[in-house]
Amino acid sequence: MFPLQRHRRLRQSEAIRALTREHYLSPNDFIVPLFVVEGKAVKDEIASMPNYYRFSLDLLAKEVKELWQMGLKSVLLFVKVDEKLKDNRGEEAVNPDGLMQKAIKTVKDAVPEMLVMTDVALDPYSIYGHDGIIDQGKIVNDRTNSFLARMALSHAQAGADFVAPSDMMDGRILEIRSVLEDAHFTDVGIMSYSAKFASAFYGPFRDALDSAPVDAKDIPKDKKTYQMDPANRSEALKEAFADIDEGADIVMVKPGLCYLDIVRDLANEVEVPVAVYQVSGEYAMIKAASEKGWLDHDAVMLEQLTAIKRAGATMIASYFAKDAVKLL
Ligand code: PBG
């Protein structure tokens, strides 16, 4: 009770603030998402993600060496697939010489100790821009799962350490785990996008990969039949518990900032690490506002990342990983 308690005593100098600070950011917190394209010497800036690039394999190798030197030890790979290689079920996704498979090998050759995680979902490979196979205007769950399991296996065979299914089909973790076990990839882990919301914050990512749902007859125009309703909270726990039962090693909440209540729920309730994906739209907002001089880029970035940790994230997939680590 005041004046016996004066809260400001613990805030009066940087020294006492440092001693009493509850959460710190470090390079160990981050997973770095990387966008990969075909070609040579390509370093393509993504229009809606200033200072973020798509790399060809040669420059990907250079980039991961730089990340490693900065103390960033995990990457999450996404590929931009040539339009003519796309179809309804993503057959190119299991091509042993496909871009993802080559990217995995490129990273492992450049930095053998780098943890390589891969995106498992059909959208970059789908002519319709959906995460699943479409049949008669619907995203079909079980046929998609069989394909996702083949895709995960193909990534494991190429050398991935973790697969990260981002598709939100039901039961895909069990199917992926079973296929990996049968093929003796018992050490390949699964980071499941368990609570992935049907968010409007993915726009810049879909620009980066040219993977937005197409506007055509009989094609669902959004992902609301598989990604979660932003209004729902308890459903996120249901999804996470199911994924853990099916064999997920890490569960994820995505996006970050708008969903920190979900992050805290999961951190309290589950016994596996909780990852948070700070998504492309969150990145774009900070870049745009700071370009206008309306926000202090570095301060806002660190505040948001710290808030994600405080909410309970064990790790953060973030396009700010390099920017943040430079400041720590
Ligand atoms: C799709 C996928 C998306 C992201 C990662 N994997 C977008 C979507 O669901 O359309 C978004 C990441 C971001 O916005 O940074 N499987």
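Visitor: Starting with aspartate 161: how exposed is it?
Guide: Aspartate 161 is partly exposed, because its relative accessibility is 22% and the buried class covers values under 20%. Keep in mind that this is a predicted model.

Visitor: What does aspartate 161 form a salt bridge with?
Guide: With lysine 108; the closest N and O atoms of the pair are 2.7 Å apart.

Visitor: Changing topic. How many salt bridges does a search of the whole structure find?
Guide: The search finds 21 salt bridges.

Visitor: Which residue does arginine 143 pair with?
Guide: Arginine 143 forms a salt bridge with aspartate 135, and the closest N and O atoms are 3.2 Å apart.

Visitor: Is arginine 143 buried, exposed or partly exposed? What about aspartate 135?
Guide: Arginine 143 has a relative accessible area of 48%, so it counts as partly exposed. Aspartate 135 is also partly exposed, at 34% relative accessibility.

Visitor: What about lysine 217?
Guide: The side chain of lysine 217 meets that of aspartate 218 in a salt bridge, at 3.4 Å from N to O.

Visitor: Are those two buried or exposed?
Guide: Both lysine 217 and aspartate 218 are exposed.

Visitor: One more: which residues are linked in a network of salt bridges?
Guide: Glu14, Arg17 and Arg21 are linked in such a network.

Methods:
Residues numbered from 1 in each chain as written. Predicted model: local features only at pLDDT ≥ 70, side-chain atom pairs only at ≥ 80, totals over all residues. Heavy atoms only, no water. Salt bridge = Lys/Arg side-chain N within 4 Å of Asp/Glu carboxyl O. Buried < 20%, exposed > 50% of the residue type's maximum accessible area, 1.4 Å probe, protein only.
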